[in-house]
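Here's a friendly walk through a two-chain model. Have a look at the picture first, then read on.

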Amino acid sequence: MDNPMDTPKTYSDYVDKKSPNSPIFTNCLKAFLIGGFICSIGQLIFFFCKSKGLDTSASNTVVSIILIGIAALLTGLNIFNKIGKVAGAGSLVPITGFANSIVSPAIEYKSEGYIMGVGGKMFTVAGPVLVFGISASVIVGMIYCFFV
Amino acid sequence: MEFFQTIDWSLMLRCFIVGGLICVIGQILIDKTKLTSARILVLFVTLGVILGGLGLYQYVIDFAGCGATVPLTGFGANLAKGAITEVQNSGLLGAFVGGVKVAAGGIAAAIFFGYLASIMAKPKIKKQ
């Protein structure tokens with residue numbers, strides 16, 4: 001057999017062969033179950049708000065606020081990271097992942113102070129999400145205004 | 001409990017399945033493409049804005065309820081829907097006002113609870 005160190009190509013083939021395959025099926029199953037579970041909690045809160053007479057859009061806002069609050073609290077207690085290790089995208093893709101992405105860096109940079117440390121680093125990940133989300137929504141609004 | 005009798009269990013099931021499947025798409029992206037989680041979040045929100053802007057995401061919401069609104073694609077679709085509704089009411093100004101207006105509750109909650117949880121938490125020492 002050729003020496004795997006010969007070229008970058010053969011080397012990367014060699015590494016691919018030796019490194020264990022990530023168990024993608026199990027990961028997907030865990031993400032499915034936990035992601036579905038988080039959405040179902042949201043749906044329960046939604047039904048509860050509806051039964052109290054709130055309209056659909058207000059109920060959706062309440063669902064977001066409660067799920068974000070729970071996720072922020074669990075991240076602060078260092079429980080969310082343990083769930084996240086098992087769930088992968090299952091806890092990342094729901095709105096809980098957005099809350100987690102705000103609290104995690106904020107705790108990590110706490111030693112830099114409450115204003116520039118916590119207040120500033122909160123948006124390391126959430127900042128780009130808001131920048132792209134809000135900018136895209138402005139573009140959608142403009143397109144709708146001028147072309148529809 | 002009166003409340004449990006009002007629950008639509010079929011919607012509950014659809015919510016679980018669709019919400020789970022959206023997370024599976026994210027998991028496949030993580031495992032297959034080595035995208036960082038920050039990029040996944042940005043990708044999902046932007047995708048949600050595009051699908052919401054085209055009006056396609058509303059079908060998913062009608063079918064799956066919170067299974068579609070809780071994932072970040074729903075956050076994005078909500079931004080787009082808000083921008084469009086506000087444009088209908090107040091013209092071009094609405095493009096700037098509408099998105100953040102509908103998402104305001106979520107964003108403010110994330111900032112407030114996020115800050116509160118951060119100042120209460122102890123910075124963890126990484127175990128080697």
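This is a predicted model: local features need pLDDT of at least 70, side-chain atom pairs count only at pLDDT 80 or more; totals for chains, interfaces and linings use all residues.

Residues are numbered from 1 along each chain as its sequence is written, while chains are lettered from A and ligands numbered from 1 in the order in which they are written.

Chain A has eight helices and zero strands (DSSP runs numbered from the N terminus: H or I of at least four residues for helices, E of at least two for strands). Its C-alpha trace spans about 70 × 40 × 40 Å along the principal axes.

Now for the contact between the chains (C-beta atoms, placed from the backbone, within 7 Å). Chain A puts in 67 residues and chain B puts in 66 residues. On chain B's side, helix 7 gives the largest share, 17 residues.

| Class on the side of chain B that touches chain A | Residues |
|---|---|
| nonpolar | 44 residues |
| polar | 20 residues |
| charged | two residues |

Zooming in, helix 3 of chain A meets helix 7 of chain B through pairings that involve, among others, A:Ile65, A:Gly69, B:Gly106 and B:Phe113. By class, that contact has nine nonpolar, nine polar and no charged residues.

Conventions
Two residues are in contact if their C-beta atoms, placed from the backbone, lie within 7 Å. Ala, Val, Leu, Ile, Met, Phe, Trp, Tyr, Cys and Pro count as nonpolar, Asp, Glu, Lys and Arg as charged, and the others, Gly among them, as polar.
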